[in-house]
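Hi,

Here is the structure I promised to pass on. Please have a look at it first, and then read my notes below.

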Amino acid sequence: MVTSPCKQSVLHAQYRREDASEDVVPRLSHRLDVETSGVLVLSTEKKLASRMAKQFQQRVVDKTYLAIVDGVPLEKEGTIDIPLTKSLDPTSTFYVQYKDEQNGKACTTKYRVLSELQGGKYCLVAFSPVTGNVTTLRHHQFSWKGIVSLDTSSTGLLCLGRTHQIRAHAQLIGHPLVGDVKYNARVRESSSSRERLALHCCTLRFQHPATFEVIEPFACIDDTFPILTEAERDHFNAMVQQGIDWS
């Protein structure tokens, strides 16, 4: 689904009761950038909403995004480990900027190139912010094999997800996202109509707040996602449903 300011109120309307005192109010557990599509978690019970929000706050929800970037990275998979911080320059188009380890906030993004598109002009990439509290990850078994080495003697944070983390990291390695007017100079300077931001949260992995089982809801990309042909979109949606292999 594409998140928007009215999405929560639209869902509320679906659960509206004749007696207003019995209305069910869907509560957002997290947010996506307004231009980002994908899985959005809402809860209809206050207690469950609180439990779900706590998982996002503790950074124990695994997230996988699909994005189309300009060009093709030389390394087809890897980890981007670049500290970020908010830009204090009001004239800057960047919400976050690179800083050194002393002044910036640590954040790490895992990526894997899934397919080259249009002869290498673009490529489809899976991104995953590496986040989570070590103790909580160990308790809930939410670690991603092959991405991070969990130190079971530590209780500190691995990394925290940052605003625009994927968009900024992609730009900093020289492959900004298609349709990203904030981080892609080609898009900003183009006089033609702009495509939508090519960023989609395809899967989440978390513990269900009522049953406590680990679930992985997914959202397929739709025909608003740029660049892809219908056949390519169907192929990658089938891949999403099977799950992105990070091993």
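The structure holds 1 aromatic pair. Its partners are Tyr111 and Phe127, with ring centres 6.5 Å apart and planes at 45° to each other, a tilted arrangement. The pair links distant parts of the chain, as Tyr111 sits in strand S8 (residues 108-117) and Phe127 in strand S9 (residues 122-130), 16 residues apart. Do bear in mind that this is a predicted model.

Are the two partners buried or exposed? Tyr111 has a relative accessible area of 7%, so it counts as buried, the cut-off being under 20%. Phe127 is also buried, because its relative accessibility is 2%.

Helix H4 (residues 165-172) is mostly covered, with 6 of its 8 residues buried. The buried residues in H4 are Gln165, Ile166, Arg167, Ala168, His169 and Ala170. Just after H4 comes Gly174, which takes a positive phi of about 90°.

Finally, on to the surface. Which residues gather in a patch of negative charge there? They are Asp222, Asp223, Glu230 and Asp234. Of these, Glu230 has its place in helix H6, which covers residues 230-242. Glu230 has a relative accessible area of 56%, so it counts as exposed, for which the cut-off is over 50%.

Happy to go through any of this with you.

Best wishes

Notes. Residues are numbered from 1 along each chain as its sequence is written. This is a predicted model: local features need pLDDT of at least 70, side-chain atom pairs count only at pLDDT 80 or more; totals for chains, interfaces and linings use all residues. Side-chain values use heavy atoms; hydrogens and water are left out. Patches are made of residues with over 30% relative accessible area and no salt bridge: like charges are joined within 9 Å, nonpolar side chains (Val, Leu, Ile, Met, Phe, Trp, Tyr) within 5 Å. Accessible areas come from the Shrake-Rupley method with a 1.4 Å probe; for residues, only the protein chains shown count as cover. A salt bridge is a side-chain nitrogen of Lys or Arg within 4 Å of a carboxyl oxygen of Asp or Glu. Lys and Arg count as positive and Asp and Glu as negative; His and the chain ends are not counted. The place of a charge is taken as NZ of Lys, CZ of Arg, CG of Asp or CD of Glu. Helices (H or I, at least four residues) and strands (E, at least two) are DSSP runs, numbered from the N terminus. Buried means under 20% relative accessible area, exposed over 50%, partly exposed in between (1.4 Å probe, protein chains only). Rings of Phe, Tyr and Trp (its six-membered ring) pair if their centres lie within 6.5 Å; planes under 30 degrees apart count as stacked, over 60 as edge-to-face and the rest as tilted.
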